Structure formats: structure tokens, C-alpha cells
Amino acid sequence: MLRAAMAALSHLPPSCIPNPNPLKHFLFSFSPHKSFQFRPCCLRLFMARPLFLPSTAVQSSRILSSNIELDPHYLSCSMPNKCLKVAVLLSGGVDSSVALRLLHAAGHSCTAFYLKIWFQEDFNNFWSECPWEEDLKYAKAVCDQVDVPLEVVHLTDEYWENVVSHIIEEYRCGRTPNPDVLCNTRIKFGAFMDAISGMEFDYVASGHYANIVHSFSERTNKPSVLELSRDMVKDQTYFLSHLSQSQLKRLIFPLGCIPKDEVRNMAKVFGLPNKDRKDSQGICFLGKIKFSEFVARHIGEKEGVILEAETGDFLGKHRGFWFYTIGQRQGLRLPGGPWYVVEKDVSNNVIFVSRNYFSFDKRRRLFRVGSLKWLGGSPPSQMDQLRCKVRHGPGFYDCSLRMEVSDDKNEVAVVRLSEDDQGLAAGQFAAFYEGRTCIGSGVILESWDDKGFPVCTKALEIAIMEDKSTLGKPVKIKVKPETCLKESEHKDGIEVEVKQCSNCCD
């Protein structure tokens, strides 16, 4: 056994050996069903390092710990043959676990980190519902298979201050924020990178479905490029589109070259303990808590009225405008639907709804984007042949941009889509692409050409009434909406489209 270990060491390149005399500075440990590993005597200087054989020794990319052969293309996004020190974000799910195993197979020295971002002890009712203990159990089991060290990093306060509190404030203002974009930018690749900055890792890796192309030329300082993953359905470049170039340069995404179904198959081949675990859904910090319950706890409830946008009819009551977003149909509890939220009067806590959400020309092609961040450091030189995502998913729009300066002296982009979109919501992100390259993103400020869904005069007048108790009982909703005529009128120099009905407008 000792001879085998020494023979293995002879194949390692010098950059992978902390000291020229390995036998003097490493202890050997062996255990059944596991590969032997070398542990440096000075733990302050080196972390536990699993044994690997570089491709020069074994071209088939054989994983020593499990005798599994990998097709080289599976390692193409893992920087094989570079012998890197990598910090791997491990959630306990399948994707990050497979990412860890691929990096291990590529010959890197990996340390796994589990981020604990649940609530402070003041939120015991939420804490008891969060599955972090189960996540951590799976993460530890995955690491134990290949003797990779696992560390737990507590970022609860940072998460609350930089993500959760921002989400709450945005909903109070009637906007719809994106927690995933904020978490990636401010926590996973923000606060976490700051926390390990003194540990001299070469890269940080995660199980995101995206691809990063790094330039390793010493003569040029080219920016790193964020590209679409091979799996267009699972692609997560949208959630990564607001990163900075300095963050991008330090990242590896091993799954960027592999479709989701093959990742699942690899989990079974690797024999991962979480191979059959379902993918997580919803907002990561909520666990099993419904989002409506979280909003009610931190923003509260305030009764308001629901008005039909075309007629001004009083249809019912709601718990607060912050529970609803444009395009939403669930939670309205109105008969004769489907009904959709088409506008919100934030100052008066009024929700406007319609059954004509998908049939009316609402000019949803033009909107503004602020808080712009360009991954290459500057806006694209050509702005008339771009592509745009306004939500996570495989769908793109062709688009063009026009840069301008807002009233508060900030740079904004006016975006024109090639076709209408049904669900633009202020607070969400719009990500921009040149071919397969994600070039940046910004926050949607206004949608629908600044006009919104046309709300009739009666509905607008009812919305500003101070005493809405005089409205009486909600009307009996008819099965089919009455036909309304459209007319255009000018108000304050702006053309506003108004729907006029014989039974609602004078």
C-alpha cells in the first residue's frame, strides 16, 4: 500500500505538492471503501487534500475513490489539469453535489462550504420550519464519500440586511423584487467571498447552470464572459446577470456544459446519498413557509378594495396591495374568472383587475431599466440587435436599447421588445444578451410605455375616495364582461387610453 502511495505521488506535478519531500510532511490514513488521502501535519497551512491523479497519469479521468470513468466532456467546465484550490458552495441538493464531484474528478483541492442563512432566533416560528438540518446532513454525507472537508458559514445577519429587508421594502412600495438575483450578487458571491478572502482560494464554485469563459493570457487583461449553459431550460444566467466583473473572474460553474437530465444520471452513477432528492422550489430562505405568510408577518395586512378596471365595479376586498403583482391570477378569490391583476394604486391600496388581460393591446413592448450593471464594464457598442430575458426561463425577446439620463441624473436604458410581454413587473430584472453571451442586466422601472392597463374614469375616482365603506356590497359578477367602447383622451398633456362603458362612465 505504501509503495502504491509513493508511486501515485511520483505522477503529481510539482505545483500540486506543498513540499518537495511529501513523505515528511504528510500522514497517511486508510479506510475501507474510501481512497487514501494525505493530510499535512501543519493544519494551519494546509487543508485536508484528497488524492487525485492528473490526466497525464490517467487519461480516462478515473475517480480513484469510486473507480468511475468520466467522459472528458463532463469536465470541460471544471478547468481540468490546473490543480486549483476551490471553495465549493454545497447546499445539500443534487446540482451542487454533482458539481463538487466533478471538481474533485478534475483534480482540484476542494473545500465545501454550507451557507447558513436562515433567520435569527427571534423568528423561531419560521426557524422550526426551515430544512437546514436536513440540507446539512446531506451535504456532509456527500463530502464524506470523497473525504472533502465541509465548513458551515453563518451569514444570517448579512442575508437579512442585504436581501430580506430589501425584499420587504420593495413589496411595501408596490414593486416585485427578485430574491435570487440579490442572493447571488450580495450573499453567495458577495458576503461569502468576503468571508473567505483570507483563505487564498483560486476560485469559488457552485451548482449553477451557466458557463464562464476565463482568459488566461498574461499579455491581455480580458474580462471573463458569462455564457448560456447547455441546458436552456435550466439556464441560470438570468440570476447571475447582475454580478460584477471582479465576482465573475473568481467563479467556476461545472454544470454549465451538462444538461439537467445527465446531471441526475451522474448523481446515480456517483452513488450520491441525495441522488433521489427533489429540486428545491421557491425562495431559499423561506423553507416550507408560504410567501404570503412571510409577507403578512413582516408587512402586515391592510384591507383594500378590488375594482374592475373596465367598469369600476366593486368586486371584493383584498389583504393589501403588497400581496399581489401585475399579471397575478391566484389569490383573488373572484368568481367568473380567470381574473388578473392589471394595475395597483399603491397610495390608496386599491387593486384593479380584468378578465381581458391577454386580449387587450396594452403596448407592453417599451419599458425602462435602471441600476444597470454591464459584465464587461461598459454598455454594448451595438444596441439594436440584442436579446432580452425579463424572467427566468428559456424564452428570449429580440430587443434594442437606447441610453438616456433620468430626472435623478442616473443612467437608464429604454428597452423596446420585438413583441408584447404579458407580465412586466417593476422591480424584476431584465437581462441582456449578445448571442449566447450575457452582457448585463438592470431593474425594470416602468412597463407598458408608461401607460399601464387602461383603467376607466369611474374606477380611478373610486380609488381616491377616502371612505370606501359607502360602496356597499360587492356587485354580483356576471359570467361574461360587458362590451366596452374605447376612446382616447388627453390628461396633463399625456394621451391616456380610457375604456368607457354605458353603465360606469358619464
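V305 stands opposite K317 in strand 14. Strand 13 (residues 304-308) and strand 14 run antiparallel and are joined by four bridges; strands are DSSP runs of E with at least two residues, helices are runs of H or I with at least four residues, and both are numbered from the N terminus. Two strands count as paired if DSSP finds at least two bridges between them.

The sheet is open, has four strands in the order 14-13-16-15, and its pairing is mixed. Strand 14 (314-318) and strand 15 (340-345) each have a single partner strand, so one side of each edge strand is left without a neighbour in the sheet. From one strand to the next the twist averages 30°; angles run from 0 to 180 degrees between N-to-C directions, with axes fitted to C-alpha atoms (for helices, over the stretch in contact).

## Basis of the model

This is a predicted model, in which local features need pLDDT of at least 70 and side-chain atom pairs count only at pLDDT 80 or more, while totals for chains, interfaces and linings use all residues. Residues are numbered from 1 along each chain as its sequence is written, and side-chain values use heavy atoms, with hydrogens and water left out.

Three bridges join strand 6 (residues 85-89) to strand 9 (residues 203-205), and V86 stands opposite Y203 in strand 9.

Contact here means heavy atoms within 4.5 Å.

## Nonpolar cores

A nonpolar core is a set of buried Ala, Val, Leu, Ile, Met, Phe, Trp, Tyr and Cys residues joined through side-chain atoms within 4.5 Å. The largest has 75 residues, of which F189, F192, V204 and F352 touch the most other members. Helix 7 (residues 179-195) gives the largest share of this core, eight residues. Leaving aside residues up to four places away in sequence, F192 touches A87, L89, F113, L115, V153, L155, I187 and V204.

A second, separate core of 37 residues includes M79, V86, V98 and V146.

## A buried aspartate

D421 lies in the loop between strand 20 (411-417) and strand 21 (429-434). D421 is buried, at 2% relative accessible area (buried is under 20%, exposed over 50%, partly exposed in between, with a 1.4 Å probe and protein chains only). The side chain of D421 makes polar contacts with the side chains of R391 (2.9 Å) and Y397 (2.6 Å). A polar contact is a pair of N or O atoms within 3.5 Å; within protein, one must be able to donate a hydrogen and the other to accept it, and residues adjacent in sequence count only if both atoms are side-chain atoms.
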